[in-house]
Amino acid sequence: MSNRIKKQFWFTPEEETEFRRKVVLTGLPQSSVIRMLIKGYEPRERPDNRFFQAINSLNEMIHTAQKLLERSYQLGVVDKDTVVEREIKRWAYFISNIESEFLRPEKSPIKWK
């Protein structure tokens, strides 16, 4: 902890209200929001729980399909590198892209010198 430097600054009541509102929208700690802004990223608003439930359902479906595919390999019903396996990978990639689009912060267009 000795390599960390404490910073203290002051907000007006309006700035504090607006900052807290934006922090709540992101679902992140205040310090994380400030660090993102300093590094040139714009935090995203956290999606509601329906988004995470949908992503979890998709992940469960992929996991189930993977287990079924592994069992088919064991039984010798299908060979490796099947259409099903490629489709599972495609869905996993699709979920990763959705998470990137809605959760990862964007690089700010503002360039500080």
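Reader: Hi! I'm new to this one. Which residues form one aromatic cluster?
Author: Welcome! Phe9, Phe11 and Phe19 form one aromatic cluster. Keep in mind that the model is predicted.

Reader: Thanks. How many aromatic pairs does the count come to?
Author: The count comes to five aromatic pairs. One of them joins phenylalanine 9 and phenylalanine 11, with 5.4 Å from centre to centre and 75° between the planes.

Reader: What do you call that kind of pair?
Author: The pair of phenylalanine 9 and phenylalanine 11 is edge-to-face. A pair of aromatic rings is described by two things, the distance of the centres and the angle of the planes.

Reader: What about the rings of tryptophan 91 and phenylalanine 94?
Author: Their centres are 5.4 Å apart and their planes stand at 80°, so tryptophan 91 and phenylalanine 94 make an edge-to-face pair, the angle being over 60 degrees.

Reader: Which residues make the contact?
Author: There is quite a list. On the H3 side, it includes Phe51, Phe52, Ile55, Leu58, Ile62, Leu69 and Tyr73. On the H4 side, it includes Val84, Ile88, Trp91, Ile95, Ile98, Phe102 and Leu103. By class, the contact of H3 with H4 has 16 nonpolar, two polar and two charged residues.

Reader: Now the other helices. How do H1 and H2 cross?
Author: Helix H1 is residues 13-26 and helix H2 is residues 30-38, and their axes come within 10 Å, crossing at roughly 95°. That falls in the range of 65 to 115 degrees, so H1 and H2 are roughly perpendicular to each other.

Reader: What makes the contact there?
Author: From H1, Phe19, Arg20, Val23 and Thr26 take part, and from H2, Gln30, Val33 and Ile34. By class, the contact of H1 with H2 has four nonpolar, two polar and one charged residues.

Reader: Switching topic: where does glutamate 45 lie?
Author: Glutamate 45 lies in the loop between strand E1, residues 41-42, and H3. Its relative accessible area is 54%, which is over 50%, so glutamate 45 is exposed.

Reader: What is it in contact with, leaving aside neighbours within four places in sequence?
Author: Glutamate 45 is in contact with Leu25, Thr26 and Phe102. Thr26 is also one of the H1 residues in the contact with H2, and Phe102 is one of the H4 residues in the contact with H3.

Reader: How far is glutamate 45 from isoleucine 110?
Author: Their C-alpha atoms are separated by 19 Å, and the two residues are 65 residues apart along the chain.

Reader: One last stop: where is glutamate 101?
Author: Glutamate 101 lies in helix H4 and counts as partly exposed, at 47% relative accessibility. Glutamate 101 and arginine 44 are 57 residues apart in sequence, with 9.7 Å from C-alpha to C-alpha.

Reader: And serine 100?
Author: Serine 100 is in helix H4 as well, and at 23% relative accessibility it counts as partly exposed.

Conventions
Residues are numbered from 1 along each chain as its sequence is written. This is a predicted model: local features need pLDDT of at least 70, side-chain atom pairs count only at pLDDT 80 or more; totals for chains, interfaces and linings use all residues. Side-chain values use heavy atoms; hydrogens and water are left out. Contact means heavy atoms within 4.5 Å. Helices (H or I, at least four residues) and strands (E, at least two) are DSSP runs, numbered from the N terminus. Ala, Val, Leu, Ile, Met, Phe, Trp, Tyr, Cys and Pro count as nonpolar, Asp, Glu, Lys and Arg as charged, and the others, Gly among them, as polar. Rings of Phe, Tyr and Trp (its six-membered ring) pair if their centres lie within 6.5 Å; planes under 30 degrees apart count as stacked, over 60 as edge-to-face and the rest as tilted. Buried means under 20% relative accessible area, exposed over 50%, partly exposed in between (1.4 Å probe, protein chains only). Axes are lines fitted to C-alpha atoms, for helices over the stretch in contact, and angles run from 0 to 180 degrees between N-to-C directions. Angles under 35 degrees count as roughly parallel, over 145 as roughly antiparallel, 65 to 115 as roughly perpendicular and the rest as oblique.
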